[in-house]
Amino acid sequence: MSLLGLFSQLMAIVAALLLAPLLSGWVNQWRARLQNKSAPGLLQPYRVLRKLFHKESVLAEQASTLFRLVPYVSFGCMVLACAIVPTLSTDLPLSPAADAMALVGLFALARVFVSLAAMDVGTAFGGLGARRDMLVGFLAEPALLMVLFCASMISKSTSLTTIVETLAHRELAIYPSLLVAGVAFTMVSLAENARVPVDNPETHLELTMIHEALILEYSGRHLALLEWAASLKLFAYSCIGLALFFPWGVAEADAPLALIMALPVLVIKLAIGGVLLALVETLSAKMRIFRVPEFLATAFLLAVIGLLVNILLGVG
Amino acid sequence: MSALLAPSGWVHLDWVLLVVVVWLLIGAAGALALRRLRLVATLLFPLSALCSLVLLLVAFDAASSVPEVAVLPIGLPQLPFHLRLDGLSAFFLLLIGGVSAGVSAFAAGYFRKGEGTPPGLICLEYHVFLASIAMVVMADDAYVFMVVWETMALSSFFLVMANHRIPDIRRAAYLYILIAHIGALGILLCFGVLQANTGDYTFANMRAQQLSPFWASVAFVLALFGFGAKAGILPLHVWLPEAHPAAPSPFSALMSAVMLKIALYGLLRVSFDLLQTRIWWWGVLLMAIGLASALFGVVFSTVQVEMKRLLAYSSIENVGLMCAGFGLALLFSAYGMTGPAALALTAALYHVLSHGFFKSLLFCSTGAVLHATGERSLGKLGGLIRYTPWVAWSTLVGVLACAGLPPLGGFVAEWLLLQSFLFTTGLPSSFLNMLVPVVAALIALVAALSGYTMVKYFGVIFLGQPREEKLAQAHDAGFWERTGMLWLVAGCVVLGLMPNQIIALIRPVTLLLVSGAMPQAGSGAGWLLVPVDAQRASYAPAIFLLGVLASCALAYLLVRRLYHGRTRRAPPWDCGFALQTPRMQDSAEGFGQPIRQIFEPMFRMTRELPSPFDAEPSYRVTVEDPMWYTLYLPLAAFVERLSRLVGRLQQGRIAVYLLYSFLTLIVVLLVVKQ
């Protein structure tokens, strides 16, 4: 573990913590613009966080300790997730501790805890949200795993840093398997981050909400942590996408200069990705909840097809 | 055996035999003190747990030592008991010792006065069962194997029957013993094939035989059938969801966590040790059956509304995953790829251990819930985390492990299994290569679905508001129950956080069975699990946990320091609905509804919908196993028809029987003359 590695690890975490709400703000802003609404400021998510942290937390009378614990667990999981995804550099001391599969497990861990917390108070909507979120999760997780497997087959490794290094150093050629996996990944990330065809992050419409139903009973600092965790999750997913499909510009070991360059590159990549996300959200309509399994099953099958293509063409 | 007289020269085998003997003595003591609950609970069961600990230590030590053999001069005159303790046996003894230590401690606090079978008798059956499973894994000839195997089946039959006054329980026990015996027939025939007409039934002789591929395949399929019936793989699983809920909870725990694995032990012993040839399609068959069981089990467990039934289906799922791992190891091994074979085998054996701990923990939790509330239907529970915090928090650990979440044991096994699937591109057959992504995808799907099931299990029982008023009087687990559960929790945590130390115990087994092993962890990287090399993949659960905990703690400190810790209690918000009752929570049926809808073709479902004019509208949905109707009932009808045909021979008149003997005589004479 080098000093530079430690530095880049710290920088990755700090960058994630700071950039994640900004990314959410950027996506919201563009979505509003594309929908001909007047857009909120770019810093709106920070203001919301500040407001929530200052407020007192109102807990339901019957809420148990688990309920109070979950925001921290969810936040902790997402911070670790952002720490192991190569965002700025592949020289990450924490990276050997968790590979691509452990990353999927980490997301699952956070999801299970948040769902359990939603069931804890025992309201009608809490259980509903938990059920729906687990429904999205049980199809989205294997699909994400299969997408990561596609990349693993090419790089012969499930370590995220090795994947990024291999993919960044190959010749500029289009892998058919990665193309299919890319479509699958986009679908999965829309579902996992509660984005429009699956869920609408802006509404509190009782019958359709998923993510909002989960965190309905939270307020104050707990809600702030959960919202922050949600934006960290969006950030982590965007970075996984960038790492798998546009891995260029990420610094490697013993390259201090590249590390300085990596931050602006990442911001530019994220900015473009955020606009595209807003565009997708504007162009598509929210699905009925019963259609979501079909949507996710499609993503899952696409990812498996990606793997099959990989083996058929022998690119691995 | 002279070693028995001189304790200083004792080998591991003697210690295991000592534990077996003490277990039998404890059982006998229980039989003498039939109705003295206090004696059984406060002395005999804790003593038995102590024996389990001894067994655990012995097995721990025996895992890496040389195989030991012994011949016991009991049994029939020409057929002494051959025993052998090698790496594979030691590994399974480790499982038996580790799990039964917790379960016996739990059982000490579990049994109450006036429930079905008297406690002393349960104590006897329980310890005969424990002793027989310990003997099964040490058996070194077919004769002793069958004797102890049947002892295990019979003692477990009586334990399932503990509450024999309930007709459903009698029915479940009958189904169990029926399928166990059909399976035993398969095993017996398998040994018959393996000895290859030599008449010598010792395992050493079977190892020496070179069977032709045809007869080897026959032996493998018979073993798969026989041991599969006991392990509960498809389509011989029907007894499992009946027998597990019928048995008392500590015993369901042992059955699910240990007995199913003993069946897998038999399968391993025959297919990897006794059979010298390995054919690739065995692996594919085992993998296919395993995956089918896994998917079937997990889908059915999500829609169950009875807590032990839910866990029983989850056991089918987990055994299926283990079989998939064994199948993959067999496949690799048939193509001579020892490294990947060892990896797949390690993954499956790891799952054997971790499933042993988390599933027994979960079954113990159902027992504790049953005692606290008297309810076993999920629809009548809820909110228990407030009344039984000990049970709830230890169950949470089991639930996370069962859902295959890091950093607990279940995840390590799944991680290793998926890692071994990435090697299949090295297989020489392109057909098999194509199969792999599908298999890996199915495993990932099963793992994710088990998360769904476990959220349902924990959420409906322990979270939310109590669905019945009497739940507010629920009392937490007692001292012995707590001790047992905490021991199992510790097992789950150790299995999760110390994978390298556990894999070191599995190494001798993989060396024995596929003559390969996972690379040993480097001296500096004791916490880093590296299946092949660090470039390829690595996982460090301890650092993982530390990372999550550190971020949690930091977040907590910062939030409290920078802002404040003000909290107010208020009625729940729930989008402003004022009139809330606990009945408005998601029920167990409701939680399973999406799965019911998605996997509808797999179920046999009957729905009764209310009509708009009903004064008291009611909705009922029942989900049943279609295999019962498409396979078992027709089979039963066929057997019945057949026996009716045979029955026509029985005329009941002496003249007819004389005619039969006359005809037989003529036929025999004809045959002899030729």
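Tutor: A residue counts as buried if 20 or more other C-beta atoms lie within 10 Å of its own, as exposed if 12 or fewer do, and as partly exposed in between. The model is a predicted one.

Chain A brings 70 residues to the contact and chain B brings 67. On the side of chain B that touches chain A, at least two residues come from each of helix H15 (409–421), helix H16 (430–462), helix H19 (541–562), strand E3 (567–570) and helix H20 (588–598). H16(B) contributes the most to this side, with 15 residues. Sorted by class, the side of chain B that touches chain A holds 44 nonpolar residues, 16 polar residues and seven charged residues.

B:Pro407 is located in the loop between helix H14 (389–402) and H15 of chain B. The bond that leads from B:Pro406 to B:Pro407 is cis, with omega near 0°. A cis peptide bond also links B:Leu234 to B:Pro235, with omega of about -10°. B:Pro235 sits in a loop as well, between helix H8 (213–231) and helix H9 (240–246) of chain B.

Strand E1 (residues 68–76) and strand E2 (residues 79–85) of chain B run antiparallel and are joined by seven bridges. Two residues lie between E1(B) and E2(B), and the strands form a hairpin. In this pairing, B:Val71 is placed opposite B:His82 of E2(B).

The helices of chain B deserve attention next. Helix H3 (residues 87–108) packs against helix H18 (residues 499–514) of chain B at an angle of about 145°, and their axes are 8 Å apart. The crossing of H3(B) past H18(B) is left-handed. H3(B) supplies B:Gly87, B:Leu88, B:Phe91 and B:Leu94 to the contact, and the residues from H18(B) include B:Leu505, B:Val509 and B:Leu513. By class, the residues of this contact are nine nonpolar, one polar and no charged.

Two further helices of chain B are described by their span and their burial. Helix H11 (residues 280–302) of chain B has 23 residues and spans 34 Å from its first C-alpha to its last, close to the expected 33 Å. Of the 23 residues of H11(B), 18 are buried, so the helix is largely enclosed by the rest of the structure. Helix H22 (residues 654–673) of chain B has 20 residues and reaches 29 Å between its first and last C-alpha, close to the expected 28 Å. H22(B) is hardly covered, for the count of buried residues among its 20 residues is zero.

A:Asn36 lies in the loop between helix H1 (3–34) and helix H2 (44–54) of chain A. Its phi is near 60°, a positive value in a residue other than glycine. A:Asn36 counts as exposed because it has 6 C-beta neighbours inside 10 Å. A:Lys156, in the loop between helix H5 (124–155) and helix H6 (160–169) of chain A, also has a positive phi, near 55°, and is a residue other than glycine. With 17 C-beta neighbours inside 10 Å, A:Lys156 counts as partly exposed. A:Leu301 belongs to helix H11 (residues 292–313) of chain A. A:Leu301 has 15 other C-beta atoms within 10 Å and is therefore partly exposed. Between A:Leu301 and A:Tyr218 there is a separation of 83 residues in sequence and 36 Å in space, C-alpha to C-alpha.

Conventions. Residues numbered from 1 in each chain as written. Chains lettered and ligands numbered in written order. Predicted model: local features only at pLDDT ≥ 70, side-chain atom pairs only at ≥ 80, totals over all residues. Contact = placed C-beta atoms within 7 Å. Helix = DSSP H or I, 4+ residues; strand = E, 2+ residues; numbered from the N terminus. Nonpolar A, V, L, I, M, F, W, Y, C, P; charged D, E, K, R; others polar. Expected span 1.5 Å × (residues − 1). Axes fitted to C-alpha atoms, helices over the stretch in contact; angles between N-to-C directions. Left-handed = near helix turned anticlockwise from the far one by under 90°. Pairing = 2+ DSSP bridges.
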